[in-house]
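Here are my notes on the aromatic rings in your model. Have a look at the picture and then read through the points.

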Amino acid sequence: METRLPGAAVLLCLVDVLHAFAVEEKGNVFKRRACPAFLMFDNAAYLADMTFELPCNCKPEEVSSVTWYFQKSMGRRKTRVLTDFSGTVIVDSGHIHVGSDMLKRFSIRMFSLIVFRARVTDSGHYLCGTKRGDLFYGYDVDVQPTGRITVAFVDRGQHIQDDYIENQFRLFTTFWDWTRCDRCGVRGEQRRIGLCYVRSTQLHPRYRTTVPNVVSCGSRAVPPHFQHLNHLRRPEVAVRSCLTPCPKKKLPQEGVQAIANVIFKLGKKPWLPHVPMQFHRHPVGKRLIVACPGARPEHAVAWDKDSVRLYRSRYLIGVNKSMRVFIDHGNHLHIQQVQVSDGGTYFCWREGEMVAGFRLSVIYERRRSRTFGDPETIYAAKIIGMSYGVLSVVFVVIHVCRCCWRLFRT
């Protein structure tokens with residue numbers, strides 16, 4: 001034991017030195033990158049419901065905390081402050097829901113701004129600076145909608161959109177890399193997200209891009225007379241089949257495995273469940289939306305009902321307008337007007353691994369008798385009373401007019 005202590009001490013010292021070196025390297029990022037003399041905007045595009053991070057790539061060395069500002073477009077006086085002036089704001093992403101206010105959907109960590117589940121209205125300018133209003137770095141963020149997205153199924157021979165070419169601009173799609181196969185051991189699917197971009201020589205020079213004269217279609221660098229570009233081209237998603245083996249997991253000891261097999265054969269559950277299971281009772285006829293735990297829109301997510309695979313080629317939103325069960329582009333499972341046949345166990349795959357189960361029981365709601373104190377009863381009584389009053393007034397006015405008409409005639 002005594003001979004191991006010096007080695008452990010040396011190892012801990014090395015870990016501290018490496019950690020200090022990493023922190024020093026993180027701090028030196030701001031020393032190596034000088035802030036531009038004239039504020040520029042880096043163009044960045046995302047799909048709605050995604051979570052994105054904007055690093056403050058430069059700041060003076062003496063500044064210990066940053067403040068982020070949001071501006072819908074350049075030149076507007078209305079600017080929103082996205083932090084309290086004391087440093088950072090911590091947000092638990094698990095409590096963020098679609099449609100939440102922007103001030104509840106952001107966090108600042110290590111001078112970077114993180115926006116959870118972005119919406120189209122979050123498009124605009126994001127500025128990194130101080131509470132006094134000194135600005136160091138800027139972003140031009142374009143959040144493109146999913147409501148009008150175009151889907152191409154590669155297995156069916158469908159192709160992506162062709163480029164749209166005009167005299168002064170050219171519209172095209174820039175695709176991200178294919179996601180991982182959403183299932184393992186069985187046939188799965190891969191997605192590839194494509195966003196709309198425009199190439200033109202008439203872009204605003206204050207916006208900095210990776211490729212010269214190329215920005216996303218919703219960028220503020222696009223001239224005002226080109227603002228109709230969003231209606232000419234949509235973001236798109238390509239889907240194809242895939243097959244990948246499951247990673248080998250470490251098997252339990254031989255004796256433990258034998259005990260588990262005996263328990264399973266007796267008709268009882270094994271000592272270790274396959275995936276975490278959640279139980280839910282839902283009334284018939286109501287709408288249900290299920291989210292995969294820990295999944296984000298850019299992740300590879302798949303759904304199964306019992307032993308049935310819910311492939312996107314059949315269940316992706318928009319494939320059939322009369323669909324009652326579908327998967328949206330944010331990887332949520334929707335069941336419209338739940339029926340008794342929808343009951344069962346739903347399994348969720350994330351990044352090629354089954355991570356959770358959802359056991360749904362469909363129930364009938366008991367019809368309760370209405371009382372005079374119910375808000376619905378009070379509201380109905382008010383509407384009926386107001387309608388009766390209006391009809392009474394109209395009836396009286398009509399009879400008064402008839403009487404006056406007879407008097408004038410005589």
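How many aromatic pairs does a search of the whole structure find?

1. The search turns up eight aromatic pairs. Rings of Phe, Tyr and Trp (its six-membered ring) count as a pair if their centres lie within 6.5 Å; planes under 30 degrees apart are stacked, over 60 edge-to-face, and the rest tilted. Keep in mind that this is a predicted model, where local features need pLDDT of at least 70, side-chain atom pairs count only at pLDDT 80 or more, and totals for chains, interfaces and linings use all residues. Residues are numbered from 1 along each chain as its sequence is written, and side-chain values use heavy atoms, with hydrogens and water left out.

2. Take Phe70 and Tyr126: this pair is tilted, at 4.9 Å centre to centre with 55 degrees between the planes. Phe70 sits in strand β3 (residues 67-71) and Tyr126 in strand β7 (residues 124-129), so the pair ties together parts 56 residues apart in sequence. Strands here are DSSP runs of E, at least two residues, numbered from the N terminus.

3. Phe70 is buried at 6% relative accessible area, and Tyr126 is buried at 0%. Buried means under 20% (1.4 Å probe, protein chains only).

4. Now Phe172 and Tyr197: their ring centres are 6.4 Å apart and the planes at 25 degrees, so this pair is stacked. Phe172 belongs to strand β11 (residues 170-175) and Tyr197 to strand β12 (residues 187-199), 25 residues apart. Both Phe172 and Tyr197 are buried.

5. Ring pairs also join Tyr46, Phe52, Phe70 and Tyr126 into a cluster.

Note on methods: Helices (H or I, at least four residues) and strands (E, at least two) are DSSP runs, numbered from the N terminus. Buried means under 20% relative accessible area, exposed over 50%, partly exposed in between (1.4 Å probe, protein chains only).
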